[in-house]
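Me: I have a structure open and have not looked at it before. Can we go through it piece by piece?

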Amino acid sequence: MSVVLADLAYWQETTIRLVVGLIAVLLPAGTLVYLFLFKMMSFMQSRLGPMEAGPYGSLQLLAEVGKFLQKEDIVPQAADRLIFKLAPFVVLISTFLLILVIPAGPDLWFIDVDTGIFLGLAVSSISVIGILMAGWASSSKYSLLGALRATGQLIAYELPMVLAVVGVIIQAGTLNVQEIVMAQATGEIFGFGGIGNPYVITQFVGFLIFLIAVQAELTQPPFDMPVAESELVTGYLTEYSGLRFLMFFIGEFATAAIFSALAATLFLGGWYVPGLEATDNLFNVIGPIILLGKMLLVAFFIFWFRFTYPRFREDQLQQLAWKVLIPLSLVNIVITGVLKVVF
Amino acid sequence: MSEFLRSWLTLVLFGGLAVVLVGTFLGLGSLIRPRKATPEKIINYESGVDPQGDMWSQSNIRYYVFALMFVLFDVEAVFIFPWAARLEIYGVFGLVEMAIFIFILALGLFYAWRKGLLRWV
């Protein structure tokens, strides 16, 4: 049990967790949008990006939320109104459940269950249902096509993502995310334990598969067939306007942040940095900052690919998942298993 | 309540938190935003022209095939997880067992591949 929270009742603890959880979803999402989507993208395209609201446009996001609050909410006449309105809730629920599994320090966690990473992968796929609901209920051809493409893509890339994580689990010998971090902190690479064993080194193939799959799960370019602007307007989001659109937008970037944090936790050692004991109380203070730093590093790569590569065609996209990534991740599992048993 | 059940209660509460967040935003918006729904405005968007035909139309059968394959592989993945967490204890026995399992799994994928199900035409 936590040092800080040791003498609090369950409801007090939970209230703190809920508030921290809310911040942990919204703050990294805002950071990613401002830092990467607004600024990095602008600099890569030789422009300045938002400059007016606050110093270097840093308050632009607040201005955007203020703008969206005033937008008229249009529900198409032909739409299935109930499902249309429920869809953003489902997407955001998936995001909020996903953040639960990520620990930010030895005593800083939302839930500490033995099925941790399995739970995370399971709830991350709830958003597929939300997207399909949005596309179907909109009663628009663009939306329906976008939703079907999104579903086809998300389920195709969920498999390599899940199978890539299996390599990490074989090495760590546990499904508990906190123990996976501990196993990386105390691990050794062929007897050398100086930097622990961040699985990005021993599971490099798994890390690459995971990153590619995450990119596709977020429907970010180059995997943005579902929302391809030049052919489908905005895919399943076509009929959404104002605040409901903003909810999907928050969901997308919050999920980007959380998936980056998950990749950092599974492959880069999470809240741990070499040089200190993994159980050191100091990590309860600096852990979240270290995790944020590693998350930004992973997110940087995700957004770098996003701004650099042109879009895949639908058939290329499906073939990459089924013919390259899934066989590769199965081979990765077998090789990791053999090495684990032999050594 | 046990520590275990409390964890899952936290999970339910986090789901509730998402609902509250979206509800708060939308509720706040409904106080501020204008409501002027004209008949033209609430027609489905179809690049500016009037929408034609049935919106809930039939679509490519490919998606159905991929969904079936996904169900197959996802269920298999569920079996791999507990094995992966306990491989150290199972040792060589577990390794051979899973090698056979993954071989059969790969055979299914290879079959679908040769049948041309993975080709998108």
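Me: Which residues of H5(A) are buried?
Reply: This is a predicted model, and in it the buried residues of H5(A) are Ser127(A), Val128(A), Gly130(A), Ile131(A), Leu132(A), Met133(A), Ala134(A), Gly135(A), Trp136(A) and Ala137(A). Ten of the twelve residues of the helix are buried, so H5(A) is largely enclosed by the rest of the structure.

Me: What do the buried residues of H5(A) pack against?
Reply: They pack against four helices of chain A: H3 (81-99), H4 (116-124), H6 (141-172) and H11 (242-267).

Me: How far does H5(A) reach from its first C-alpha to its last?
Reply: Helix H5(A), residues 126-137, reaches 17 Å, close to the 16 Å expected at 1.5 Å a residue. Just after this helix, Ser139(A) has a positive phi of about 55°.

Me: OK, now H1(A). What span should it have, and what does it have?
Reply: Helix H1(A) covers residues 10-44, and its 35 residues should span 51 Å at 1.5 Å a residue; the end C-alpha atoms are 48 Å apart, which agrees. Just after H1(A), Ser46(A) takes a positive phi of about 55°.

Me: Which residues of H1(A) are buried?
Reply: Arg17(A), Gly21(A), Ala24(A), Val25(A), Pro28(A), Ala29(A), Leu32(A), Val33(A), Phe36(A) and Phe38(A).

Me: And what covers them?
Reply: The cover includes helices H2 (60-69), H3, H11 and H12 (283-308) of chain A, together with H1 of chain B.

Me: What about its overall dimensions?
Reply: The C-alpha trace of chain A spans about 65 × 50 × 45 Å along its principal axes. A compact globule of 343 residues would have a radius of gyration near 20 Å, and chain A has 21 Å, which agrees.

Me: What share of chain A is buried?
Reply: Buried residues are 55% of the 343 in chain A. Among contacts in chain A with a separation of 6 or more, 79% are between residues 24 or more positions apart.

Me: Which residues have the most contacts inside the largest nonpolar core?
Reply: Val165(A), Ile169(A), Phe210(A), Ala213(A), Ala257(A) and Ala263(A), in a core of 137 residues. H6(A) gives the most to this core, with 21 residues.

Me: Take Phe210(A). What does it touch?
Reply: Leaving aside residues up to four places away in sequence, Phe210(A) touches Met161(A), Ala164(A), Val165(A), Ala263(A) and Phe267(A).

Me: Last topic, confidence. What is the mean pLDDT of chain A?
Reply: The mean is 85, and 97% of the residues of chain A reach 70 or more.

Me: Where in chain A is confidence lowest, and where highest?
Reply: Confidence is lowest in helix H10(A), residues 229-232, at a mean of 80, and highest in helix H9(A), residues 204-217, at 90.

Note on methods:
Residues are numbered from 1 along each chain as its sequence is written. Chains are lettered from A and ligands numbered from 1 in the order in which they are written. This is a predicted model: local features need pLDDT of at least 70, side-chain atom pairs count only at pLDDT 80 or more; totals for chains, interfaces and linings use all residues. pLDDT is the predictor's confidence in each residue, from 0 to 100. Helices (H or I, at least four residues) and strands (E, at least two) are DSSP runs, numbered from the N terminus. The expected span of a helix is 1.5 Å times one less than its number of residues. A residue is buried if 20 or more other C-beta atoms lie within 10 Å of its own, exposed if 12 or fewer, and partly exposed in between; C-beta atoms are placed from the backbone. Two residues are in contact if their C-beta atoms, placed from the backbone, lie within 7 Å. The radius of gyration is taken over C-alpha atoms; the globule rule is 2.2 Å times the number of residues to the power 0.38. A nonpolar core is a set of buried Ala, Val, Leu, Ile, Met, Phe, Trp, Tyr and Cys residues joined through C-beta atoms within 7 Å.
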